[in-house]
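Please read the following account with the sequence and the three-dimensional view side by side.

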Amino acid sequence: MKVAIYGQYYQNSTEPIIKDIFSFFHSNNVEMVIEENFLKMLYEKQLVNNDYTTFSQSTSLDDSFEMLISIGGDGTILRAATLVRNSGVPILGINAGRLGFLATVQKENIDSFLQFVIDKNYTTSERTLLSLTCEPENDAIAEMNFAMNEVTVSRKDTTSMITVETYLNNEYLNSYWADGLIISTPTGSTGYSLSCGGPLLTPEVKSLVITPIAPHNLTARPLVIPDDTEVKLRVSGREDQYLVSLDSRISSVKNESILTIKKTDFKIKMVEIPGETFLKTLRNKLLWGEDKRN
């Protein structure tokens, strides 16, 4: 068996997790291929000493890999998705921080959950991604034009609101006068969109969510649309540029540019370990049932 390893380093919580993972895989003769920059960090911190094969881009990942192990939090998984891309390699998130919606394997259960990996006793959940194109073309966006959580437009260098003219399948929807607008996947519905009042969607739902950020018109509510809808945005405001983010990657875009957002033709597979379901994570993360009156 061969697995790819990618991670972020958090001194107080990551070191024992890394040691446990490497020890477990070594004892079970699992071949580990480490992301290049992550391995450099492991050498610098003297967490590993052996020589390992490395990878640095998605073209290095193929169907010979059982999965990619992501060590960190939900943000680490979003960065891991940029490495996996359309390779079809599933991602398993090992949580090194606070409870996340994506990195579901907790440090207390690493050995028992990795045994499920060895035994191939797991399922995968396919996650919809969004693609983004810009007219006129924006080099920063064209280089990596997809997002697993959301595509967001927001104001830049100003406290003034922006106007986001929005079309669905070329039919005019609304002009949102707000701090910004979020186009979210079901996976991203538990992130930024949720904090702005958007609804929760389970991962398998074939929908997207349009969520305004602090709209001036209080009747502008979050809207759920089919995931095969093409969304076009034209943004205007007092500044010459506004911000576009694809998950954690941010670019500046000129006013009046046309942004086209639609579902990608590939999906990211997330590994689901027995007992660690989305609904269980939802209950734990949102503290449902903690109210004793329930």
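Predicted model: local features only at pLDDT ≥ 70, side-chain atom pairs only at ≥ 80, totals over all residues.

Residues are numbered from 1 along each chain as its sequence is written, and side-chain values use heavy atoms, with hydrogens and water left out.

Helices (H or I, at least four residues) and strands (E, at least two) are DSSP runs, numbered from the N terminus. Two strands are said to pair if DSSP finds at least two bridges between them. Strand β2 (residues 31-35) pairs in the parallel sense with β1 (residues 2-7) over four bridges, and Lys2 stands opposite Glu31 of β2. Strand β2 also pairs with β3 (residues 53-55), again in the parallel sense, over three bridges; here Thr53 in β3 is the bridge partner of Val33. Between β2 and β3 the chain passes through helix α2 (residues 36-44), and this β-α-β crossover is right-handed. That term applies if, with the strands pointing away from the viewer, the path from the first strand over the helix to the second runs clockwise. Four of the five residues of β2 are buried, so the strand is largely enclosed by the rest of the structure. Buried means under 20% relative accessible area, exposed over 50%, and partly exposed in between (1.4 Å probe, protein chains only).

Strand β10 (residues 162-168) is joined to β11 by seven bridges, and Glu165 stands opposite Ser175 in β11.

Helix α7 (278-286) contributes to a cavity lining. Within α7, Phe278, Thr281 and Leu282 are buried. Seen down the helix axis, the buried residues of α7 fall within an arc of 105°, so they line one face of the helix; the arc is that of the directions from the axis to the C-beta atoms.

The structure holds three cavities of 30 Å³ or more. On a 1 Å grid over the protein atoms alone, a cavity is a set of points where a 1.4 Å probe fits but cannot get out, and lining residues have an atom within 4 Å of a point. Grid points are joined across faces, edges and corners, and a volume is the space filled by probe spheres set on the points. The largest cavity contains about 90 Å³ of space. Among its lining residues are Phe101, Leu102, Arg127, Met270, Phe278 and Thr281. Strand β19 gives the most to this lining, with three residues. The second largest cavity has a volume of about 40 Å³, and its lining includes Phe101, Leu102, Arg127, Pro186 and Phe278.

Most residues other than glycine have a negative phi, and most peptide bonds are trans. The peptide bond from Glu135 to Pro136 is cis, with omega near 0°, and Pro136 lies in the loop between β7 (130-135) and α5 (139-143). Lys120 has a positive phi of about 55° although it is not a glycine; Lys120 lies in the loop between α4 (110-118) and β6 (123-127). At 53% relative accessibility, Lys120 counts as exposed. Just after α7, Leu287 takes a positive phi of about 60°, and at 54% relative accessibility Leu287 counts as exposed.

Note on methods
1 Å grid on protein atoms, 1.4 Å probe; cavity = no way out; pocket = protein on both sides within 12 Å on 5 of 7 lines; lining within 4 Å.
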